[in-house]
Amino acid sequence: MYRGDVVPDVVVVGAGPAGLVIARLLQRAGVSFTVLERKSRAELGAQPRAGLIEYRTVELLRKVGLADTDLEFTTENGRMEFRTPAGSMLLDYGLLTGRRPNYIYPQHLLVGRLYDALAAEGADVQFGQPAVAVRQSRDRAVVSLADGSEIECHAVVGAEGSHSVVAPAITGARTSDELLPVRMLAVVAAAPPLENHTIYAPHPRGFAGQMRRGPAQTRYYLEVPRTDAAREWPERRIREELSVRLDVGGELSDVRFDAPAFVDFRTKVLDPMQQGRLFVAGDAAHLITSAGGKGMNLAIQDAVELAHGLIDRFGSFGDGRRLRAYTSTRLPAIWRTQAFSNWFLRVLMAGLRDGVEPAGAVPGGFMRGLGEGWVAALRDDPLLARWFAHAYAGVDPDAETVLGRSSG
Ligand SMILES: Cc1cc2nc3c(=O)[nH]c(=O)nc-3n(C[C@H](O)[C@H](O)[C@H](O)COP(=O)(O)OP(=O)(O)OC[C@H]3O[C@@H](n4cnc5c(N)ncnc54)[C@H](O)[C@@H]3O)c2cc1C
């Protein structure tokens, strides 16, 4: 059974950042689409996840007309602190990038604003509507829904996160995949941050972090063993462990910690991210560790590129070249960001091991020493600090300073 009388050009599966950015750009270009979202509207706006938005992502959104309109980026984040038992180091990365910082925008608010903008102009966004399978033929793609109905369209975008139903339908794609032996416990505090900057605290007991989210909301992270269960982390233990690793004495004693969630460190890249009429974007196409806050950024960057390919193809131009090049356009930037995030994770996390520790070794001692070495290098080496600042804030280095690209 096919639903609806009109075949939309595009069905977007998933109303996360990737899906909604694509939908909003299609809407503005007059390309017809339907968005299918498994959750309800209320659930979609309730789950806090990402918060850090790269400078380049904001610039991109500005270029395509979604920043300063649907989305306003006003909270800059230009300073961070590395806090270790040996001392504290402040890094003004906003200054090192020539005042091009990254921004804070909680993901659930971003998603809510994009949905409101879509709905205000009558978009077809269907909540409580999980896609369960997709298939394609020469002239159509078909999305099957959980209620047994089907939707025909010209192209399907899988933007449904890590458990994609579209990705497995891209036959022949290779997946580079790794599950790292560490895990993070993420919590939200309804309280102002301890400091008005990000704190990264590599510690012998495991990493702890504090990320600003707003004047009355703060995210905290704790590295925990991969085998730990939620019951092993009652609120009191979270508070005590954060206090020790962040070295803040009793400052957190009145703070309540909500929404505990384990974050696994699975990395993945699908290649290609498309086949025929099927495309994937964001977490459906690649997973990145949360070190450095890059996942939502990659999702939005994919979305802008893919949307423009779809607009060229299904809009009045009828030109499929940009769409065909989607994978090759996106993969170099995705791998570059993976490389940064993977490196940064090794600076921060005590539980990562590259090799086997012989009997008698101090557990984690070598990796911890490397982490301390990198923090010292960031403190003492202006060139390394400058590279880090650009990679972290998401700023492309000025072309004239890149070796071999000088115009002279
Ligand atoms: C604790 C935490 C902190 C993070 N911090 C940052 C950060 O600071 N910066 C950053 O850039 N990234 C961060 N990330 C990563 C970021 O949240 C993700 O990379 C981002 O959500 C990916 O967006 P997406 O649109 O690809 O997928 P998602 O946000 O996962 O959206 C997918 C949507 O599809 C829906 N869906 C799933 N299956 C189906 C189906 N079968 N049918 C219909 N709908 C479906 C889901 O309900 C969901 O709404 C963080 C992640 C976590 C967990």
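**Close-up views of a predicted model**

**View 1. Q27 is buried, with a relative accessible area of 14%.** Buried here means under 20% relative accessible area, with exposed over 50% and partly exposed in between (1.4 Å probe, protein chains only). This is a predicted model, where local features need pLDDT of at least 70, side-chain atom pairs count only at pLDDT 80 or more, and totals for chains, interfaces and linings use all residues. Residues are numbered from 1 along each chain as its sequence is written, and side-chain values use heavy atoms, leaving out hydrogens and water. Look for Q27 in helix α1; helices are DSSP runs of H or I of at least four residues, strands are E runs of at least two, and both are numbered from the N terminus. Setting aside neighbours within four places in sequence, Q27 touches F33, A117, L118, E121, G122 and A123 (contact: heavy atoms within 4.5 Å).

**View 2. Helix α5 spans residues 107–120.** Among its buried residues are L110, L114, A117 and L118. The cover over the buried residues of α5 includes α1, β2 and α7 (295–314). Just after α5 comes G122, with a positive phi of about 75 degrees.

**View 3. Six strands make an open, mixed sheet, ordered β8-β2-β1-β12-β19-β18.** Because β8 (125–126) and β18 (274–275) each have a single partner strand, one side of each is left without a neighbour in the sheet. Strands pair if DSSP finds at least two bridges between them.

**View 4. β12 (residues 155–158) and β19 (residues 278–280) pair in the parallel sense over three bridges.** Here, V157 has F279 of β19 as its bridge partner.

Note on methods
Expected span 1.5 Å × (residues − 1).
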